[in-house]
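Here's a quick briefing to read with the model open beside you. Have a look at the fold before you go on.

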Amino acid sequence: MNETILIAEDEKRMRILISDFLNLENFNVLEAENGKKALELFNEKKDEIDLIILDVMMPIFDGWTVCKEIRKKSTIPVLMLTAKSEDTDELYGFELGVDEYISKPFKPNILVARVKALLRRKEKIENEIMNFNGLLIDEKAHKVSLNKEIIDFSPKEYDLLMYIIKNKGIALTREQILDGVWGYDYFGGLRTVDTHIKRVRIKLKQKENYIQTVRGLGYRFEVV
């Protein structure tokens with residue numbers, strides 16, 4: 001299946017030029033003429049989009065604003081286009097979560113090469129991430145996402161999820177979970193485990209049944 005690229009660029013000629021070069025490389029292309037349309041397309045088709053090309057200067061919402069909103073929900077690769085080349089602009093972009101930066105004017109074939117490199121990097125990262133039918137666990141980055149949307153776990157909720165995932169398929173007692181996550185010197189009761197399991201399940205939404213209750217014992221992580 002060909003990757004899908006969202007282009008957000010208010011200058012029509014530039015947008016068409018980029019789109020044509022990407023189409024020649026068999027990419028599927030979605031186009032947005034302003035930041036508002038870019039966010040609408042992203043929210044509507046985020047499960048299909050593999051990479052976003054954002055122009056900095058756009059009507060309604062600029063590229064910085066769009067990138068901020070996207071980063072609240074997704075780690076999708078973002079390539080930023082700008083007419084400026086100051087280091088401070090690039091620094092600001094990277095702080096927002098921009099993956100790559102290219103200044104105008106640029107050669108379209110160079111842009112396509114950058115897109116391909118970002119997608120290869122994305123594929124490599126995804127191969128290092130645990131994937132349970134759309135539930136992604138990036139242990140190095142300490143991030144969990146579901147269908148490309150980042151889940152905001154507290155540190156203890158994250159530790160709990162990681163503990164039961166690393167013991168996948170094993171029925172764990174509440175005592176084992178309490179000791180493994182909170183430590184042997186924790187003086188709280190076993191209800192702490194149940195309370196945190198409930199919170200994690202709520203955040204996992206349709207994947208909540210991956211954390212199974214083992215009656216009379218505790219819990220088990222099982223992909224069903």
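What follows is an overview, then notes grouped by topic.

This is a predicted model, in which local features need pLDDT of at least 70, side-chain atom pairs count only at pLDDT 80 or more, and totals for chains, interfaces and linings use all residues. Residues are numbered from 1 along each chain as its sequence is written, and side-chain values use heavy atoms, with hydrogens and water left out.

**The whole protein**

- The C-alpha trace spans about 65 × 35 × 25 Å along its principal axes.
- Of the 224 residues, 46% are buried, where buried means under 20% relative accessible area, exposed over 50%, and partly exposed in between (1.4 Å probe, protein chains only).
- Take the contacts (heavy atoms within 4.5 Å) between residues at least 6 apart in sequence: 57% of them join residues at least 24 apart.

- Five strands make an open sheet in the order 2-1-3-4-5, with parallel pairing; two strands pair if DSSP finds at least two bridges between them.
- Strand 2 (28-32) and strand 5 (100-103) sit at the edges with a single partner strand each, so one side of each has no neighbour in the sheet.
- From one strand to the next, the twist averages 20°.
- Strand 4 (residues 78-82) runs parallel to strand 5, and four bridges join the two; Thr82 has Ser103 in strand 5 as its bridge partner.
- Helix 1 (residues 12-24) packs on this sheet, touching strand 1 (4-8), strand 2, strand 3 and strand 4, and its direction makes about 170° with that of strand 2.
- Helix 2 (residues 35-45) also packs on the sheet, touching strand 1, strand 2 and strand 3, at about 140° to the direction of strand 2. For these angles, axes are lines fitted to C-alpha atoms, for helices over the stretch in contact, and angles run from 0 to 180 degrees between N-to-C directions.

**Asp55**

- Asp55 is found in strand 3 (residues 51-55), and counts as buried because its relative accessibility is 4%.
- An unreviewed UniProt entry annotates Asp55 as "modified residue: 4-aspartylphosphate"; such annotations may be inferred rather than shown by experiment, with positions given in the numbering used here and feature names shortened.
- Leaving out residues up to four places away in sequence, Asp55 touches Ala8, Glu9, Asp10, Gly63, Met80, Leu81, Thr82 and Lys104.

**Helix 2 and its cap**

- Gly35, Ala38, Leu39, Leu41 and Phe42 are buried in helix 2.
- Seen down the helix 2 axis, the buried residues fall within an arc of 165°, so they line one face; the arc is that of the directions from the helix axis to the C-beta atoms.
- These buried residues pack against strand 1, strand 2, strand 3 and helix 3 (63-71).
- Asn34, in the loop between strand 2 and helix 2, caps the N-terminal end of the helix, with a side-chain oxygen 3.1 Å from the backbone nitrogen of Lys36.
- The backbone nitrogen of Lys37 lies 2.7 Å from a polar atom of the Asn34 side chain. A polar contact is a pair of N or O atoms within 3.5 Å; within protein, one must be able to donate a hydrogen and the other to accept it, and residues adjacent in sequence count only if both atoms are side-chain atoms.
- Asn34 counts as buried, at 12% relative accessibility.

- Strand 11 (residues 211-214) and strand 12 (residues 218-221) run antiparallel, joined by four bridges, and Gln212 stands opposite Arg220 in strand 12.
- The two strands form a hairpin with three residues between them, and Gly216 in the turn has a positive phi of about 75°.
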